[in-house]
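Visitor: I have a few questions about this fold. Could you walk me through it?
Guide: Gladly, let us look together.

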Amino acid sequence: MTPHSLPSDPVPPDDADRSESARPEIPDGPPAGAGSPLRVLRRWWRTRRTASAARRRPSSPRTRSESIDATGLFRPGEIEYQRLQSLPPFDTDLLILTDLRIMRVRTDAQGSVAQLSQATPRQIGAIRAEEFRGRATVTVELHVGSSMRLEETTPAEAQRFVDTVTEVAARSRT
């Protein structure tokens, strides 16, 4: 029979052969003996939260929307004609024109896409770009009485998008 250890006996460390460089940057738990338990927990939580936020933060707000994950957004064989994106701070909103429909979508920080509304080119009644203080707002009015709007984009991109949508809508009616 083997003797049982007593609670007062020292416990040999499991990772004695590991080098210091192999240890994680953020400890798994709060360090012992570094002040009151509440302060230790707060400091430990702040360190973990700032480290994880730095890993998740996108490099720039403009690249976030350009690298959207459009998986499941387009139908098989659907051709994208043009994409109009808002300027910061609204840079997560897009109008996407395809051969089958026009969609208003919004992206999140990870690049996932949520489709907010859609319409076929035949449903487009009027489209206009309104310029104000160097920015443009594109409004697509539908025959059913609803509309899609994209705010805060450049006037040149807005006019190019309006021209393309007008051409696609006219072609779909013939």
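Visitor: Where is the place of Glu-78?
Guide: Keep in mind that this is a predicted model. Helix H2 covers 61-66 and strand E1 covers 80-85. Glu-78 sits in the loop between H2 and E1.

Visitor: Is Glu-78 buried or exposed?
Guide: The cut-off for burial is under 20% relative accessible area. Glu-78 has a relative accessibility of 11%, so this residue counts as buried.

Visitor: With the side chain of which residue does the side chain of Glu-78 make a polar contact?
Guide: Leaving aside residues up to four places away in sequence, Glu-78 touches Leu-73, Thr-98, Asp-99, Leu-100 and Arg-101. The polar contact between side chains, at 2.8 Å, is with Arg-101.

Visitor: Which residue in E7 does Thr-139 stand opposite?
Guide: Strand E6 spans residues 135-142 and pairs with E7 in the antiparallel sense over five bridges. Across from Thr-139, the residue in E7 is Arg-149.

Visitor: Which residue takes a positive phi in the hairpin of E6 and E7?
Guide: This hairpin has four residues between the strands. The positive phi, near 100°, belongs to Gly-145.

Visitor: How far apart are the end C-alpha atoms of H3?
Guide: H3 has 19 residues, and at 1.5 Å a residue they should span 27 Å. The model agrees with that expectation, because the end C-alpha atoms are 27 Å apart.

Visitor: What arc do the buried residues of H3 cover around the axis?
Guide: The buried residues in H3 are Ala-158, Phe-161, Val-162, Val-165, Val-168, Ala-169 and Ser-172. What covers them includes strand E1, strand E2 (93-98), strand E3 (102-107), E5, E6 and E7. They lie on the same side of H3, because their arc around the axis is only 135°.

Conventions: Residues are numbered from 1 along each chain as its sequence is written. This is a predicted model: local features need pLDDT of at least 70, side-chain atom pairs count only at pLDDT 80 or more; totals for chains, interfaces and linings use all residues. Side-chain values use heavy atoms; hydrogens and water are left out. Two strands pair if DSSP finds at least two bridges between them. Helices (H or I, at least four residues) and strands (E, at least two) are DSSP runs, numbered from the N terminus. The expected span of a helix is 1.5 Å times one less than its number of residues. Buried means under 20% relative accessible area, exposed over 50%, partly exposed in between (1.4 Å probe, protein chains only). The arc is that of the directions from the helix axis to the C-beta atoms. Contact means heavy atoms within 4.5 Å. A polar contact is a pair of N or O atoms within 3.5 Å; within protein, one must be able to donate a hydrogen and the other to accept it, and residues adjacent in sequence count only if both atoms are side-chain atoms.
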